[in-house]
Amino acid sequence: MKNPSLQKNYSFFLTEELPKPDAYYVQAANAANGAANLGCPTVLIYPQKGWEAMNPIHLLQPFQPEKPPESVIKYYNLQDKLQVARLPMPWPIDYFKNKFTNSKTIATKYYFPFYIRSTTKIVHAWNWNFIKAAIQNGVPAIYEHHHHEDKQFEPAIVNHPLFQVAVTVADTVRESMIKHGMPPEKLIKIHNGFNRLFMQRQPEQAAAWREKLLQNQRSHLVVYAGALQQFKGIDILIDVAQQMPHVQFACAGGKQTEVAHYQKLAQAKQTDNICFLGHVLHDELAPLLQAADILAHPHCSGQAATFTSPLKLFDYLASGNPIVATEIPSLIDFKDTVAIAAWCEPDNPVKFAAALQQVLATHPKKIDGYPETIEFVKQFSWENRAAKILSYVDESYRPQLVA
C-alpha cells in the first residue's frame, strides 16, 4: 500500500551523467528547473558512474533526492528549488554491451519500480524506455521528442490513458510523429525557453567582454553562441567575417576538437577578426550576449533546419540585442514578430554580411537592450513552458504545488 505521506515528485529522467554541454542536456536541465520554480516538487534523475557509484550506502539507498552538485548548478544556472537524484551505476554497468549491464535497463527495470515509483507523481522523459517503464508501472508520463526518427510508436503505450502528452518544438517533427503513430490529440508543439539569468542586466561584465574582444580598433561585436558544426553555419560565419574585417566576431560553444578545427580554418582563410571561445558557462555567457552589437543565427538549410530546436534564440532574445537569422523552417513562427531584426536566405555569406551591415546601421548599441525584444521574450520563460505542458495533463495527475 502506498504511503500517503510521501511527497509525490515531478520526475525528470536523463540517460547520461551531468553536466554536459549538448543542447539536449541544457534543454532538459532548464525544463526541470522551470517546473521546480513553478512550485512543483521536482527531481532531475540521472546516472552516476565512476568511483562515487561504488558507495555502499548509496547502493543500499539509491534514490536520494538532494541539492544539485555545485558543478551542475553553475553549468546550467539552476535555482535552489530543483533537486537531483543520481542513480549509482557501478562497474560493470555500461562497460559491457548487453541489456543486462545497460544503465537504461537498470534504471527502468530495477531502480524505477523498486525505489522511485512510490514517490513519483508523473514522469517527464526524452527517452522512450523511461516512458514505457512509467506506463507499465502505473505512473502517468510526458514524452519529449525533438528530432525525426523512422520508428513506429507503440500503440499500447501512446493510446494508454496514463500517456498524457507528447511535446515537440517543431511542426515538421510533429507531422513526422503523427505519421509514426502518435495520436495528434496527445501531441503539442511548444518552443523552448530562456534561462532567467539572461534577463538580468550585467553592464559591467558586458563591458569587460567588449574590452577583451574588441581589438585592432574595431568597435562592433557580433556574437554567435551554440554548437560549432557546419550545419549551424559556422563555416558561413567565417566567410562573413572575412568580408567584414572591421567587425569583431566571437563564437561561444563547441568541443575542444571543434574549436581547434575552426581556429585552423579561420587561420587558413587569413581571417583574424573571428575568435572561438569554447564552452562558456551561463553566468559568463549572459553578459557576453549582452555585450554584442548583433547576435548571429546563421543556420544552414538541409534536414537539420527542419527540426533544430532554436534553444539559444531565446537566450539571445533575453539579452535584448538585435538578431540576424537565416530563414529556416524551425524559425518560421517568428517571421512576423519583433524577435528578429533582419532575415536572409541560408547558405549565403554575402547576404548574411549585408544583413549584418543593415542592422548595424539601423540598430545602434543600447546598453540596456531593446525593450520591445525583452518584452516579447517574457512569454517564453521555462516556467511558462512548464505550466503550459502541465495544462495538458489530467488534473488528478498534476504534481501538487508547494510554497
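Since the model is predicted, local features need pLDDT of at least 70 and side-chain atom pairs count only at pLDDT 80 or more, while totals for chains, interfaces and linings use all residues. Residues are numbered from 1 along each chain as its sequence is written, and side-chain values use heavy atoms, with hydrogens and water left out.

Helix 9 is a handy place to start. Helices here are DSSP runs of H or I with at least four residues, and strands are runs of E with at least two, numbered from the N terminus. Helix 9 spans residues 234-243 and helix 13 spans residues 349-362; their axes come within 9 Å and cross at roughly 60 degrees. Axes are lines fitted to C-alpha atoms, for helices over the stretch in contact, and angles run from 0 to 180 degrees between N-to-C directions. The two helices are therefore oblique to each other; angles under 35 degrees count as roughly parallel, over 145 as roughly antiparallel, 65 to 115 as roughly perpendicular and the rest as oblique. The crossing of helix 9 with helix 13 is right-handed, that is, the near helix is turned clockwise from the far one by less than a right angle.

On the helix 9 side, Ile236, Leu237, Asp239, Val240 and Gln243 meet Pro349, Val350, Phe352, Ala353 and Leu356 of helix 13, where contact means heavy atoms within 4.5 Å. Sorted by class, this contact holds eight nonpolar, one polar and one charged residues. In that scheme Ala, Val, Leu, Ile, Met, Phe, Trp, Tyr, Cys and Pro are nonpolar, Asp, Glu, Lys and Arg are charged, and the others, Gly among them, are polar.

Helix 9 also packs on helix 10 (residues 256-268), at an angle of about 30 degrees and with the axes 10 Å apart. That makes the pair roughly parallel. Here Ile234, Asp235 and Ile238 of helix 9 meet Tyr262, Leu265 and Ala266 of helix 10. This contact divides into five nonpolar, no polar and one charged residues.

Next come the charged pairs. Side chains of opposite charge can pair when their charged atoms come close. Counting a side-chain nitrogen of Lys or Arg within 4 Å of a carboxyl oxygen of Asp or Glu as a salt bridge, the total comes to 14. One of them joins Asp94 to Lys49, with the closest N and O atoms 2.7 Å apart. Asp94 sits in the loop between strand 3 (83-88) and helix 4 (103-116) and Lys49 in the loop between strand 2 (42-48) and helix 2 (56-60), so the pair ties together parts that are 45 residues apart in sequence. Asp94 is partly exposed at 22% relative accessible area, and so is Lys49 at 24%; buried means under 20%, exposed over 50% and partly exposed in between, using a 1.4 Å probe and protein chains only.

Another salt bridge pairs Asp171 with Lys189, at 3.4 Å between the closest N and O atoms. Asp171 belongs to helix 7 (residues 171-179) and Lys189 to strand 7 (residues 187-189), 18 residues apart. Asp171, Lys189 and Asp333 are linked in a network of salt bridges. Elsewhere, Lys335 bridges to Glu327 at 3.0 Å.

Finally, helix 12 (residues 311-319) is mostly covered, with nine of its nine residues buried. Among them are Lys312 and Asp315. Just after helix 12, Gly320 takes a positive phi of about 85 degrees.
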